[in-house]
Amino acid sequence: MADYYDLLGVSRDADADTLKRSYRRLARQYHPDINKDPGAEDKFKEIGRAYEVLSDPQTRARYDQFGEAGLGGAAGMPDMGDMGGFADLFETFFSGFGGGMGGPGASAGARRRGPRQGDDLRFDLTISFSEAVFGKEKEIQIRHLETCSSCSGSGAKSGSGPTSCGTCGGAGQVRRATRTPFGSFTQVAACPTCEGTGQVIADPCSACGGQGLQQVRKKLRINIPAGVDTGTRLRVANEGNAGQRGGPAGDLYVFLTVQSHPQLRRDGINIHSEVTVNYLQAILGDTIEVETVDGPEQLEIPAGTQPGAVLTLSGKGVPKLGNPVARGNHLIAIKVQLPTKLNREERELLEQLAGHHTAKGHQHPHKSGLFGGLFG
Ligand SMILES: [Zn+2]
Ligand SMILES: [Zn+2]
């Protein structure tokens, strides 16, 4: 995977405007509707992803520090991937840093003392077949951590403030002598009492127990774009858990599951269904009504339609995600029903017809014998 800055042709310290201008220029150049070169569509997607990541200061910071690994899979853009264990990844990345990976160092302590980003959260949402096709604004109710309103996130009871930690004397770090076969040396680690903050809260806020965060139920209206499918995830910025000590909030990721439809089946942007016609409609042609995502539509069965034929209603499929003007097709497989019983009149007409065929010179000894016997 190419470097995102290289992809967008900008330097690592490019500002938001430069990023945007460069992205727009490249997006126009590689847009699959304009650029028919093989590989243009992939390039277009890569550019989109690079911009998605770099245009958001939070994800840009993660990318600068950890590369792609810091993003925990595709960021932002709806995608089809399985993103299970997403919150866990960030948990490991950000909170794990002060502990296991800290090593000898001031950097571990410094990291714990600084602002801490809130966790990203996952919300699973099931939507109907037609909501996925045409999009819908939905209200969801989530639970996340918000900055405590009683103490404004400080964790201290109002009127009081944090005090210097007694264990580390406010340094946030403790020194430990470690003995190894190569001699003993001193390691610096984050203070266990204050978790490296250098401060403790003598009189904790009763609303949040000193955490500075409180669990809150919240209603959110989210806009489901047309063309989503099972496995699409949507990012709602800053609706994850609140950060601590002034850190930014995490994001909420909505993972979609789409219900099936009794008659229609989805295959990407195309819809498939089946319809049964009788043998006369197949032979002579007819116009019938079929169920589509837009409601009932007229379908012309051309004369001479064969069993298993697939007829197309153009543009009656699913809007393309991100470009809803473009729609797929509705493909209808034709089943032909043959009668199991004939009444006398039908039988006579069909036998006449069969007689015509044999009279015209078809060499069918059995049939011509039979019909010869009946009509002869
Ligand atoms: Zn509080
Ligand atoms: Zn301490």
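## Burial criterion and model

A residue is classed as buried if 20 or more other C-beta atoms lie within 10 Å of its own, as exposed if there are 12 or fewer, and as partly exposed in between. The structure described here is a predicted model.

## Overall composition

The protein chain contains ten helices and 17 strands. Of its 376 residues, 26% are buried. Among contacts between residues at least 6 apart in sequence, 60% join residues at least 24 apart.

## Confidence

The mean pLDDT of the protein chain is 81, and 83% of the residues score at least 70. Among the elements of the chain, strand β14 (residues 310-313) has the highest mean pLDDT, 98, whereas helix α5 (residues 86-95) has the lowest, 32.

Two segments call for caution. Over residues 73-112 the pLDDT stays under 50, and the model has 66 contacts beyond four places in sequence for this segment. Residues 367-376 also stay under 50, with nine contacts beyond four places in sequence in the model. Where pLDDT is low, the predicted coordinates should not be read in detail.

## Helix α2

Helix α2 comprises 15 residues (residues 16-30); at 1.5 Å a residue it should span 21 Å, and this agrees with the 21 Å that separates its end C-alpha atoms. The buried residues of α2 are Ser22, Tyr23, Leu26 and Tyr30. Seen down the axis of α2, these buried residues fall within an arc of 105°, so they line one face of the helix. An α-helix has 3.6 residues a turn, so residues three or four places apart point the same way.

The cover over the buried residues of α2 includes α1 (4-8) and α3 (40-55). On the face turned away from the buried side, α2 carries the exposed residues Asp17, Arg24 and Arg28.

## Thr292 in strand β12

Thr292 belongs to strand β12, which covers residues 286-292. Because 18 C-beta neighbours lie inside 10 Å of Thr292, this residue counts as partly exposed: the count falls in the range between the cut-offs of 12 and 20.

Apart from neighbours within four places in sequence, Thr292 is in contact with Glu297, Leu313, Lys316 and His330. Thr292 can also be located relative to Ile332: the two residues are 40 apart in sequence, and their C-alpha atoms are 9.9 Å apart in space.

Definitions and conventions
Residues numbered from 1 in each chain as written. Chains lettered and ligands numbered in written order. Predicted model: local features only at pLDDT ≥ 70, side-chain atom pairs only at ≥ 80, totals over all residues. Helix = DSSP H or I, 4+ residues; strand = E, 2+ residues; numbered from the N terminus. Contact = placed C-beta atoms within 7 Å. pLDDT = per-residue confidence, 0-100. Expected span 1.5 Å × (residues − 1). Arc of directions from axis to C-beta.
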